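The sequence and the structure come next, followed by the description.

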Amino acid sequence: MPADLSVPAPAPELRLADGRPVNKKLVLVVASFALIIAMIDITALNVALPVIQRDLAATTGQLQWVIDIYMVVLASILMLAGSMGDRHGRRKAMAVGLGFFALGSVVAALAPTPLILIVGRGIQALGGALMPPVALAIISSVFTDKAERARAIGVWGALMGVGMAAGPLLGGVLVEFFGWRSVFWVNVPLSLLLIALVLREVPESKAPADGRFDVVGQLLAIGFLGSVSYAIISSGEHGVGALQVGLGVLAVVMLAVFVVVEMRVGSPMIDFRFFASAPFSLAILIAAVGFMASAGFQFVFALYLQNDRGLSPLQAGLMMIPLAGANSLFATVSGRLVASRGNRLPFLLYALMLGGGAALAMFFTPDAPIWLPLVVAVLMGAALGSVNAPTSTSAVSGMPPSKTGLAGSVLSTGRQAGQSLGVAIFGSGLNQGLQSGQSISAAAQPMWWIVIVVALICAALGVAATSRWAAQSQERVGSW
């Protein structure tokens with residue numbers, strides 16, 4: 001009797017190297033928490049900044065680098081990190097990433113000076129860059145059914161939201177009762193536990209090698225972001241001199257050479273043909289300037305709450321929870337709006353909340369009513385949550401199927417680059433005001449005007465990205 005060809009054969013059960021079946025739920029938890037500890041560390045560290053400044057006698061510029069070195073390294077090697085996992089094995093790459101994160105945490109926890117703390121954060125970032133693309137690739141390789149994979153990625157996103165919300169509170173508790181070094185020490189046993197679980201429970205997977213590493217492009221990207229960040233941060237501390245101008249010129253030259261190299265190399269980091277798609281180009285720009293504003297706000301906000309208002313680290317952590325909560329909530333709301341109404345409305349809501357939050361932040365003073373920073377935190381968190389869905393959809397929709405992963409990586413790099421520049425720009429502006437004897441809230445006033453201008457620009461870009469002209473350019477790119 002012939003077999004019934006209308007019934008598809010069940011997918012073979014995934015097994016580990018020792019023959020045990022793969023526990024998909026456990027893999028999802030491990031992959032999620034590998035990323036969550038890095039996210040918690042970032043949000044918890046914001047709460048610790050004022051205490052670190054007092055304990056290590058750090059300047060505002062050094063505090064900027066404590067945050068910014070992580071962003072610069074992440075933005076510079078994010079695409080390379082994803083390729084490393086694809087080429088050499090994702091399980092191995094995640095274990096290595098967690099190892100670097102633990103090592104960097106030890107260096108940071110033991111740091112006797114701001115410089116050693118910055119070095120520790122840079123080592124952390126080497127591991128942190130591996131975890132987002134590798135974790136998503138592991139989930140995709142284990143959850144092979146399309147619907148099952150979508151649910152798994154949804155859980156992954158929700159757990160990241162929980163991590164963001166828990167970070168400020170956990171940071172406040174740790175700093176309040178155990179000191180700022182505990183923010184780093186807590187990473188070490190968690191990382192070691194996750195390494196053991198990754199090696200035991202996560203199946204190895206790879207992807208076919210796609211060309212050679214773009215070594216020259218990678219070095220130029222690191223040099224460009226490092227030069228720009230150093231020029232901006234040092235200008236806030238020392239003013240604009242020959243060094244800052246020279247670094248600015250060097251950054252421009254590196255960017256120009258990077259573009260030339262990427263257009264000629266066989267396996268580029270960035271395929272510049274993507275930028276012929278207006279929705280893609282404008283989504284990258286919106287994400288970059290939007291995350292710039294968000295990172296700058298969070299840097300200033302943490303200092304304002306403790307230095308201007310005199311809150312304890314725990315109280316400051318509690319004040320930052322509404323930001324993370326609104327971020328998670330509006331990420332879901334924005335996703336639904338994109339699905340039902342398209343990208344334009346979420347783009348405009350994002351711009352409205354970003355500009356509204358900045359306008360209210362202009363009324364910050366050391367004795368402003370407590371509801372004011374709470375409302376601003378909600379608006380800024382809601383803005384950040386609202387921008388992810390429309391930018392992600394704009395960036396990858398219409399791309400050739402084989403290029404969507406790379407398009408998403410370029411978007412992630414744009415976000416991280418925006419964050420690094422946000423901390424540099426806002427911190428430098430703040431530093432100039434502090435050197436003239438102003439309070440945090442007074443020194444930050446020009447920064448809020450910058451955010452309002454950014455919001456207006458994002459609104460215009462959002463309308464342009466959803467126009468008929470943009471759709472036509474996207475169709476041309478999708479026909480490759």
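## Glu201 and its surroundings

A polar contact of 3.1 Å links the side chain of Glu201 with that of Arg200. The model in which this pair is found is a predicted one. Glu201 belongs to helix α7, which covers residues 187-201, and because its relative accessibility is 9%, under the 20% cut-off, Glu201 counts as buried.

Ser191 is also a residue of helix α7, and at 0% relative accessibility Ser191 counts as buried. When neighbours within four places in sequence are left aside, Ser191 is in contact with Ile37, Leu98, Phe101 and Ala102.

## The chain as a whole

The protein chain contains 17 helices and zero strands. Of its 480 residues, 52% are buried. Among the contacts between residues at least 6 apart in sequence, 82% join residues that are at least 24 apart.

## Two helix pairs

Two packed helices are described by the angle between their axes and the distance between the axes. The table gives these values for two pairs.

| Helix pair | Axes come within | Crossing angle |
|---|---|---|
| α10 (residues 278-308) and α11 (residues 313-341) | 9 Å | roughly 140° |
| α12 (residues 344-361) and α16 (residues 445-465) | 8 Å | roughly 170° |

How are α12 and α16 oriented relative to each other? Since angles over 145 degrees count as roughly antiparallel, the crossing at roughly 170° makes α12 and α16 roughly antiparallel to each other. On the side of α12, the contact is formed by Arg344, Phe347, Leu348, Tyr350, Ala351, Leu354, Gly355, Ala358, Ala359 and Ala361, and these meet Gln445, Trp448, Val451, Ile452, Val454, Ala455, Cys458, Ala459, Gly462, Val463 and Ala465 in α16. Sorted by class, the residues of this contact between α12 and α16 comprise 17 nonpolar, three polar and one charged.

For α10 and α11, the axes cross at roughly 140°, and α10 is therefore oblique to α11. The crossing in which α10 passes α11 is right-handed. Here Phe297, Gln298, Phe301, Ala302, Leu305 and Gln306 of α10 meet Pro313, Ala316, Met319, Met320 and Leu323 of α11, and the residues of the contact divide into nine nonpolar, two polar and no charged.

## Cys458 in helix α16

Cys458, one of the α16 residues that meet α12, has a relative accessible area of 1% and is therefore buried. If residues up to four places away in sequence are not counted, Cys458 touches Ile286, Val289 and Tyr350; Tyr350 is among the residues that α12 brings to its contact with α16. Cys458 is also 9.0 Å from Leu282 in space, taken from C-alpha to C-alpha, although the two residues are 176 apart in sequence.

## Ala57 in a loop

Is Ala57 buried or exposed? With a relative accessibility of 63%, which is over the 50% cut-off, Ala57 counts as exposed. Ala57 is located in the loop between α1 (24-56) and α2 (60-88), and its phi is near 55°, a positive value in a residue other than glycine.

Notes. Residues numbered from 1 in each chain as written. Predicted model: local features only at pLDDT ≥ 70, side-chain atom pairs only at ≥ 80, totals over all residues. Heavy atoms only, no water. Axes fitted to C-alpha atoms, helices over the stretch in contact; angles between N-to-C directions. Helix = DSSP H or I, 4+ residues; strand = E, 2+ residues; numbered from the N terminus. Parallel < 35°, antiparallel > 145°, perpendicular 65-115°, else oblique. Left-handed = near helix turned anticlockwise from the far one by under 90°. Contact = heavy atoms within 4.5 Å. Nonpolar A, V, L, I, M, F, W, Y, C, P; charged D, E, K, R; others polar. Buried < 20%, exposed > 50% of the residue type's maximum accessible area, 1.4 Å probe, protein only. Polar contact = N/O pair within 3.5 Å; in protein donor to acceptor, adjacent residues only side chain to side chain.
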